[in-house]
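Subject: Structure handover

Hello,

Here is the structure I promised to pass on. Please open it first, then read my notes below.

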Amino acid sequence: MEVEAAKLVGAGLAAIGAGMAAIGVGNVFGSFLESALRNPGAADGQQGRLFIGFAAAELLGLLAFVVAMILIFVA
Amino acid sequence: MAAAPAKVDPMYQFTIAPIGGTEGWEIAGYNIAFTNSALWMAVTTVLLTIFVAGGMRRQLVPGRWQMAVETFTGFIDDMLEANIGKEGRKYVPYVFSLFMFILFANLLGLLPLGVVGIHPFTFTSHFTVTGVLAVMSFSIVLIVGFWKHGLKFFSLFVPHGTPLPMIPIIFPIELISFAVRPFSLALRLFVAMMAGHVLLKVLSSFVIDGTNAGAGFGLLVGLPSFALMIGISALEILVAGIQAYVFALLTSLYINDAEHLH
């Protein structure tokens with residue numbers, strides 16, 4: 001395989017990481033909503049933790065995006 | 001014309017261009033020309049100053065403007081109170097400035113001013129800018145940590161109740177996870193902003209190229225892409241707010257580590 005083609009294939013494979021992060025972020029918000037509907041009184045107090053979990057899950061997806069960008073533009 | 005390559009370059013929007021040439025802007029061999037990035041930082045600062053100054057009336061019954069500003073300060077105040085406690089009050093000015101600066105920058109970059117010929121530049125989509133912001137937060141953590149606790153600050157890397165044989169393994173892991181914090185903090189904001197703007201430009205290239213290829217393609221590709229662009233723009237406004245909030249939230253969490261160790 002040519003190097004240029006391999007780079008593009010690799011960048012495309014990195015998009016799997018973005019999809020995985022989508023599952024992670026959906027999981028974070030989904031679990032939060034599920035338990036927030038069970039106990040709405042406690043929901044507001046946990047909003048900070050919700051966004052910490054969101055940020056942690058999202059960062060890994062963004063890393064996949066960075067890998068794709070590096071493969072296309074830098075490597 | 002349909003065979004010509006796509007004319008919309010999604011990365012062109014991130015080009016840093018000096019305004020008014022680069023002549024005579026050299027200091028010690030480094031060029032410090034006034035760029036569009038610097039221009040939009042200045043615009044953000046001016047707008048933020050106007051926004052906050054307009055709300056500093058200290059009236060007993062606040063008007064709308066004062067109410068808007070006090071909502072933001074109260075929001076940051078509550079966040080620091082919840083995450084750090086009473087000692088968090090003294091970080092309100094820094095975290096408030098950080099949050100509002102990033103929020104204004106993100107939102108300004110999304111303004112559709114290109115319609116009238118002014119092209120907003122999202123400087124938070126550059127790693128240098130977010131990197132400096134993250135290093136500022138991180139140095140506050142380090143300074144406060146070593147100032148308050150001295151060398152006991154290193155006990156941050158050994159959680160309570162770690163068995164003795166585990167310490168040589170846990171310590172480097174905690175140290176690394178601590179040391180990559182400024183990097184991940186900066187990376188998150190920079191990539192989130194850049195990815196959103198690239199996505200919008202890619203969709204706009206679908207609209208432009210699709211419509212240029214003929215009415216059929218315009219209806220089939222252009223219109224759905226345009227509808228998607230509107231939706232993504234709304235999502236980007238949400239992301240602009242969330243990323244500013246996450247940056248401020250993580251900064252306050254890291255400061256909490258420095259204030260209280262574990």
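**Where the two chains meet**

Helix α3(A) and helix α6(B) cross in a left-handed way. (A crossing is left-handed if the near helix is turned anticlockwise from the far one by less than a right angle, and right-handed if clockwise. Helices are DSSP runs of H or I with at least four residues, strands are E runs of at least two, and both are numbered from the N terminus.)

Before you go further: this is a predicted model, where local features need pLDDT of at least 70, side-chain atom pairs count only at pLDDT 80 or more, and totals for chains, interfaces and linings use all residues. Residues are numbered from 1 along each chain as its sequence is written, while chains are lettered from A and ligands numbered from 1 in the order in which they are written.

The axes of α3(A) and α6(B) are 9 Å apart, at an angle of about 65 degrees. (Axes are lines fitted to C-alpha atoms, for helices over the stretch in contact; angles run from 0 to 180 degrees between N-to-C directions.) The two helices are therefore roughly perpendicular. (Under 35 degrees counts as roughly parallel, over 145 as roughly antiparallel, 65 to 115 as roughly perpendicular, and the rest as oblique.)

From α3(A), the residues involved include A:L59, A:L62 and A:F65; from α6(B), they include B:L187, B:V191 and B:A195. This contact has nine nonpolar, one polar and two charged residues. (Ala, Val, Leu, Ile, Met, Phe, Trp, Tyr, Cys and Pro count as nonpolar; Asp, Glu, Lys and Arg as charged; the others, Gly among them, as polar.)

Overall, nine residues of chain A touch 12 of chain B. (Contact means C-beta atoms, placed from the backbone, within 7 Å.)

**Inside chain B**

Helix α4(B), residues 127-149, also packs on α6(B), residues 181-212: their axes come within 8 Å and cross at roughly 140 degrees. That makes the pair oblique. Their crossing is right-handed.

**The core**

The largest nonpolar core holds 46 residues. (Such a core is a set of buried Ala, Val, Leu, Ile, Met, Phe, Trp, Tyr and Cys residues joined through C-beta atoms within 7 Å. Buried means 20 or more other C-beta atoms within 10 Å of the residue's own, exposed 12 or fewer, partly exposed in between.) Helix α7(B) gives the most to this core, with 11 residues. B:A244 is among the residues with the most contacts inside the core. Beyond its neighbours within four places in sequence, B:A244 contacts B:F99, B:I102, B:L103 and B:N106.

Best wishes

Terms used. Two residues are in contact if their C-beta atoms, placed from the backbone, lie within 7 Å.
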